[in-house]
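Subject: Structure handover

Hello,

Here is the structure for your files.

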Amino acid sequence: MTTAQDLPGTETLTIDDLDVPVVSANTVVVGTGSAGFCAADRLWELGQEDVVMVTDKVGAGASRNAGSDKQTYYKLTLSGGDGDSVHEMAQTLFSGGAMDGDNALAEAALSARCFLRLCDLGVPFPQNRYGEFIGYKTDHDPRRRATSVGPYTSRSMVQQLEKKVARNGTPIYDNCRVIDLIVRGEGAEAQIAGLLVLRTDVPHDGQRSPYLLLRCANIVYATGGPAGIYATRVFPNGQWGASGAAYRAGVHGKGVTEWQFGLASIKPRWNVSGTYMQVIPRFVSTDADGGDEREFLTEVIGDYGRLMSLVFLKGYQWPFDVRKARDGSSLIDLLVYRETVLRGRRVFLDFRSNPVRETFDHEELEPEAREYLEKAGVLFGTPIERLRAMNEPAYQFYLDKNPYVDLEQEMLEVDVCAQHNNGGLLVDRWWQSNVAGFFPVGEAGGAHGVYRPGGSALNSGQVGATRAAQFIAARRTEDPLGTEEFAAAAAPVLAGARSLAEVASDRAAAGTPDNTGELLTAVQELMSAKAGPVRSADSIAEALAQVHTWLTGYSELVSADATSRRSMNRTFLVRDILTTAYIYLSAMADYVAHGGRSRGSVLYTDPAGDLPLVGYGPHAEQELDLPELFRFSLDGGELAGQVQETAWLAPVGTPGASVGAQAPSEAPVTEPAFAAAAERDSTDPAGQPVFRWRPVRPIPADDDFFENVWREYREHGNVY
Ligand SMILES: Cc1cc2nc3c(=O)[nH]c(=O)nc-3n(C[C@H](O)[C@H](O)[C@H](O)COP(=O)(O)OP(=O)(O)OC[C@H]3O[C@@H](n4cnc5c(N)ncnc54)[C@H](O)[C@@H]3O)c2cc1C
């Protein structure tokens, strides 16, 4: 092998007459968000310095570019006289439902360690003069475990971790879009061998290979949530995710149906939680052109004090929670959804004037809201006056954006947006997936359950990254595959990618207009309309049929202009998104077939259920006049003790397709087989998603007698 001219640290491997640069390392960390940087640094600190990072855009990702009024980090109590314990915190996390107990315990056990590490690296979490990290209470939090740096908590984490990784000297390969994993072996024997990425800065002009191969023994997959499957999202621009590649390679998923949706501005993308709601702005909808303005909440919520109180509550009841859709604040999300999705209108927050009446008649507020605003000294004026009095930075925030929004002068467009995927790729207690050497961490991994305390995503990312690094540094120190074996494993994957790029560009050259942008928008809009916060068996089936058609015929459909790097990039991106959407929709259909009902941040239409209720006064129990789509019944925790696992079985003979999907006969005896796999339609070019439901792993009750633990650790190091 020789060194590629334009990429330091690479060698060149000739596969099927193409010279492809290859980077070799013990571990490749994919993604430069808070989880990825944490993993890279931990590996280095633990003595595994043979690490490289790759990413599609080093400045992209949710950690660096997303936040909220007060972006939260969830950790063990580290202040005051409040009691707390590792087990109690684990119990809080576990009680969200459909979460594995060993992940909950690890997230609690490593919480303080990971948090203090960030403090030591320079993340300015507020402390008092004695060094206590005073916390506040966040959603689904029985204590006061939450803390925050301000709107940009996760950005601050990324910045400090990034500096540390730079000091370590770990190389980062930027502009690398994940195409496919390279896996060797089948079923339980599946092992990671490497990764194929597209270099998005290299033209497809035959001069240089636009492909880069990574040869490694481990991959820490920190590609974030699969944000690209939804059009209506508050994930920042440029955060796509790369989950489809993992499924195609046989990595299983877990709880993928569980997302968080909530109210967010769409230009710029930002959660309108906290003060933005507590100051009680006016909710206005218009037609597509901005005409026919109306205050739509009053159509359903007739009582003035009730309307204002529900808007206030959205401040700290931010995510759409179907349990609060019956007679609580999540009704607001449903009414916004009705305007935007069902009526095709646009929704804005107007801070310039009060809802319904010119004056702010605060004595009609419910006590919780009135007392809070009274304490804050803002029982006066207009929403913008209250906002600036309570939280001036929240006003300044929109002024600082490009394009900026001056809330004094104009309205802010909002929608019910996808914000976080609680499920994701399967992880065990060391955050290793079912494919040996493949560790999904951060939002790409599926460590959470149905509900989770606000801020636990950031904690989970740090803990998962640390656990994966510990395991790799202790147990997976081997060299990557030898060159020849690697070339043999990479060849079909590379051939698959080249063939897709070729058919797409040939089609464009033959005159079919480039359709990559169109396909991208079409799948995203379909997912938001049919499989977002409100779903029904019919809408899921409709979207599934369409996505299946696109995916089945993808190579006969896609047309990409070879002179456009963006189009070639999108050729792979759209395939990844279609694969993910196909798996997610199939999982939703399976959830409904399994008897799953509304829970978390999703309303599943149920004709036998109820519509949201009036919720106050003499007619409190009466159903509201709302679309039948909003008729639902709560799951009531029935499936909280079970986890839905997903696998994608590759069509036989597809070049570069999965070799690792676990066939039912190979399922561990303790776990049920994947359903429907026996009747596998091996020729379906879209592959076949299959499912199994298993009990959650309980919170482990280990021996906690020190002498025993010490001896075991000393003599066998057998925590791994
Ligand atoms: C608006 C908003 C507010 C939030 N508020 C909170 C909060 O208050 N508390 C909390 O705990 N969590 C919150 N979250 C969630 C939390 O921010 C994310 O879960 C977390 O930052 C994810 O970190 P990560 O490192 O896993 O992924 P990310 O930070 O998203 O990083 C992903 C990385 O992978 C790269 N990448 C993506 N796709 C590809 C690809 N195809 N090929 C190559 N590279 C790729 C990206 O460029 C990026 O470098 C919020 C999220 C949003 C959107």
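An open sheet of 4 strands is present, in the order E16-E10-E20-E21 and with antiparallel pairing; two strands pair if DSSP finds at least two bridges between them. Helices (H or I, at least four residues) and strands (E, at least two) are DSSP runs, numbered from the N terminus. At the edges are strand E16 (424–425) and strand E21 (688–695), each of which pairs on one side only. Strand E10 (residues 253–254) and strand E20 (residues 642–649) run antiparallel and are joined by 2 bridges. Lys254 has Glu645 in E20 as its bridge partner. Helix H19 (residues 565–593) lies across E16, E20 and E21, at about 50° to E21; axes are lines fitted to C-alpha atoms, for helices over the stretch in contact, with angles from 0 to 180 degrees between N-to-C directions.

On provenance: this is a predicted model, in which local features need pLDDT of at least 70 and side-chain atom pairs count only at pLDDT 80 or more, while totals for chains, interfaces and linings use all residues. Residues are numbered from 1 along each chain as its sequence is written, and side-chain values use heavy atoms, with hydrogens and water left out.

Now the ligand. It is surrounded by 36 residues, the closest being Asp56, Ala62, Ser63, Thr72 and Glu443 (a residue counts if one of its heavy atoms lies within 4 Å). This shell divides into 12 nonpolar, 20 polar and 4 charged residues, where Ala, Val, Leu, Ile, Met, Phe, Trp, Tyr, Cys and Pro count as nonpolar, Asp, Glu, Lys and Arg as charged, and the others, Gly among them, as polar. A side-chain N or O atom of Asp56 is 2.5 Å from an oxygen atom of the ligand. For Val178, a backbone N or O atom lies 3.1 Å from a ligand nitrogen atom.

Asp56 itself sits in the loop between strand E3 (51–54) and H2. Apart from neighbours within four places in sequence, Asp56 is in contact (heavy atoms within 4.5 Å) with Asp174, Asn175, Cys176, Arg177, Gly238 and Trp240. Gly238 is 182 residues away from Asp56 along the chain, with 8.9 Å between their C-alpha atoms. The side chains of Asp56 and Arg177 make a polar contact at 3.2 Å (a pair of N or O atoms within 3.5 Å; within protein, one must be able to donate a hydrogen and the other to accept it, and residues adjacent in sequence count only if both atoms are side-chain atoms).

Regards
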